[in-house]
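Let's take a walk through this one, strand by strand and ring by ring. Have your viewer open before reading on.

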Amino acid sequence: MAKNERGAGRKPALSAEDVKIIRERHETGATVTALAKEYGISRQVLSGYLNQNNEREKENYNTEKSWERLNKAFVGIDAAEYPMRMEFMCGEDCCSVMLVNREEKKIEVLNETDDLLHRAFGIKAAPDWEDFEAFLESRCFPRTREDLDLILEDLELSDYDPFAIVEKTGGRMAEDIQWIKIRYYKA
């Protein structure tokens, strides 16, 4: 059953083919601003299109063995205690890997690059939960944004929640090739 069978609501600004072309161009270096201008839409709308199919970047693992295998680089840690894995990417390169337990507010981090500017937490090797929350918020639009309510509505969110925003947007920012790939362990 289609999500919107009766055709209610706002009509798409871009066709599926346009989105495919824009996504390819963005991945090869075209800026969100330039693409938005070319297609006659706002940067926010374009970012929504780029992020709407984040499902391909979200992977679910439903066996402990597959989750452990994915996270084998985290030596001495029971990966099953961390139901989420976030990979901080720069283009197609993974820069930092974070295992996250939101209930217990625990995080484990492995850096995959020596470039401090591309690491999720820069020089900090053992960030705490507050550092993690600050990192998430740094990957979102500002809380003080004038059109905040409209952006939240476009993202189908009722409140400014950095974690939910990153889940929806992949932590993508305008003029930036860094983003966050999210994977889940659902036993």
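First, the ground rules. This is a predicted model, where local features need pLDDT of at least 70 and side-chain atom pairs count only at pLDDT 80 or more, while totals for chains, interfaces and linings use all residues. Residues are numbered from 1 along each chain as its sequence is written, and side-chain values use heavy atoms, with hydrogens and water left out.

Start with strand 5, residues 178–185. Helices (H or I, at least four residues) and strands (E, at least two) are DSSP runs, numbered from the N terminus. Eight of the eight residues in strand 5 are buried, so the strand is largely enclosed by the rest of the structure. Buried here means under 20% relative accessible area, with exposed over 50% and partly exposed in between (1.4 Å probe, protein chains only). In a regular strand, side chains alternate between the two faces of the sheet. For strand 5, both of those faces are covered: Gln178, Ile180, Ile182 and Tyr184 are buried on one side, and Trp179, Lys181, Arg183 and Tyr185 on the other.

Who pairs with it? Strand 2 (residues 84–90) runs antiparallel to strand 5, and seven bridges join them; two strands pair if DSSP finds at least two bridges between them.

Now the rings. The whole structure holds six aromatic pairs. Rings of Phe, Tyr and Trp (its six-membered ring) pair if their centres lie within 6.5 Å; planes under 30 degrees apart count as stacked, over 60 as edge-to-face and the rest as tilted. Phe88 and Phe135 make an edge-to-face pair, 5.1 Å centre to centre with 90 degrees between the planes. That pair links distant parts of the chain, since Phe88 is in strand 2 and Phe135 in helix 5 (residues 129–138), 47 residues apart. Phe88 is buried at 3% relative accessible area, and Phe135 is buried at 5%.

Helix 5 also holds Trp129 and Phe132, three residues apart and so separated by about one helical turn. Their ring centres are 4.9 Å apart with planes at 45 degrees, so this pair is tilted. Trp129 is buried at 13% and Phe132 at 1%.

Finally, look for charges over rings (NZ of Lys or CZ of Arg within 6 Å of the ring centre and within 35 degrees of the ring normal). The charged end of Lys186 sits over the ring of Tyr184, 5.4 Å from its centre, and Arg102 lies over the face of Phe163, at 3.5 Å from the ring centre.
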